[in-house]
Amino acid sequence: MSKKKTASAIATELPAQMPCPCQSGRLYRDCCEPAISGKKPASTAEKLMRSRYSAFALGLASYLIDTLAPERRQPGERGLLKRQFRSTRWTGLRIINVQAGGEQDSTGTVEFEALYISAQEPGRLHERSRFRRDGKGRWYYVDGEANFLPGPTV
Ligand SMILES: [Zn+2]
């Protein structure tokens with residue numbers, strides 16, 4: 001019993017000590033983990049965007065659904081995400097531009113480029129995402145103009 005408990009404790013602590021998948025250069029536990037775990041919800045649109053990228057990279061469907069604008073959630077959302085987790089590996093993120101989305105704003109736009117590998121093929125997602133903050137200060141992803149392009153440019 002105690003052995004089992006230790007193993008699961010390690011499993012939950014290990015990811016917190018790795019470099020954050022959003023490539024901020026910080027540890028996961030000091031970057032996106034507080035938002036993803038619910039300890040400290042993302043205070044800006046960019047932080048939410050980064051934490052959603054990390055959730056995609058780590059395969060965390062619940063967080064992605066929770067941070068999607070309620071009117072955008074579809075009944076099959078979780079299954080769709082899980083299929084995507086299996087087919088796509090996210091390998092890099094670069095924030096290009098941020099408009100508004102600060103702690104005093106009610107909307108914000110984040111332009112980014114994310115690298116991925118799907119079916120052995122490297123790809124690049126260029127997206128301008130729109131975010132909205134509710135009356136309680138919680139940020140949500142609303143939608144985005146996305147372009148899927150071949151291969152990484154880096
Ligand atoms: Zn991060």
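User: Hey, how many helices and strands does the protein come to?

Analyst: The secondary structure amounts to 5 helices and 4 strands. Bear in mind that this is a predicted model.

User: In what order do the elements run from the N terminus?

Analyst: They go α-α-α-α-α-β-β-β-β.

User: OK, and what pLDDT does the protein average?

Analyst: The average is 90, and 88% of the residues score at least 70. Residues 1-8 are another matter: pLDDT stays under 50 there, and the model gives that stretch 0 contacts beyond four places in sequence.

User: Noted. On to the sheet: in what order do the strands sit?

Analyst: The 4 strands make an open sheet in the order 1-2-3-4, with antiparallel pairing. Strand 1 (88-100) and strand 4 are the edge strands, each pairing on one side only. On average, neighbouring strands are turned by 20° against each other, direction ignored.

User: How many bridges are there between strand 2 and strand 3?

Analyst: Strand 2 (residues 107-118) pairs with strand 3 over 12 bridges, in the antiparallel sense. Ser118, for instance, stands opposite Glu121 in strand 3.

User: And how many join strand 3 to strand 4?

Analyst: There are 11 bridges between strand 3 (residues 121-133) and strand 4, and these two also run antiparallel. They form a hairpin with 5 residues between them, and Gly137 in the turn has a positive phi of about 90°.

User: Which strands does helix 3 lie across?

Analyst: Helix 3 (residues 45-58) lies across strand 1, strand 2, strand 3 and strand 4, and runs at about 175° to strand 1.

User: Switching to Phe148: where is it?

Analyst: Phe148 is in strand 4, which covers residues 139-150. The bridge partner of Phe148 is Leu125.

User: What else is Phe148 in contact with, leaving aside neighbours within four places in sequence?

Analyst: On that basis, Phe148 is in contact with Gly123 as well as Leu125. The C-alpha atoms of Phe148 and His126 are separated by 6.4 Å, though the two residues are 22 apart along the chain.

User: Is Phe148 buried or exposed?

Analyst: Exposed, because 11 other C-beta atoms lie within 10 Å and the cut-off for exposed is 12 or fewer.

User: And the rest of strand 4, how many of its residues are buried?

Analyst: Of the 12 residues in strand 4, the number buried is 1, so the strand lies largely in the open. For the protein, buried residues make up 25% of the 154.

Note on methods: Residues numbered from 1 in each chain as written. Predicted model: local features only at pLDDT ≥ 70, side-chain atom pairs only at ≥ 80, totals over all residues. Buried ≥ 20, exposed ≤ 12 C-beta atoms within 10 Å, placed from the backbone. Contact = placed C-beta atoms within 7 Å. pLDDT = per-residue confidence, 0-100. Pairing = 2+ DSSP bridges. Axes fitted to C-alpha atoms, helices over the stretch in contact; angles between N-to-C directions.
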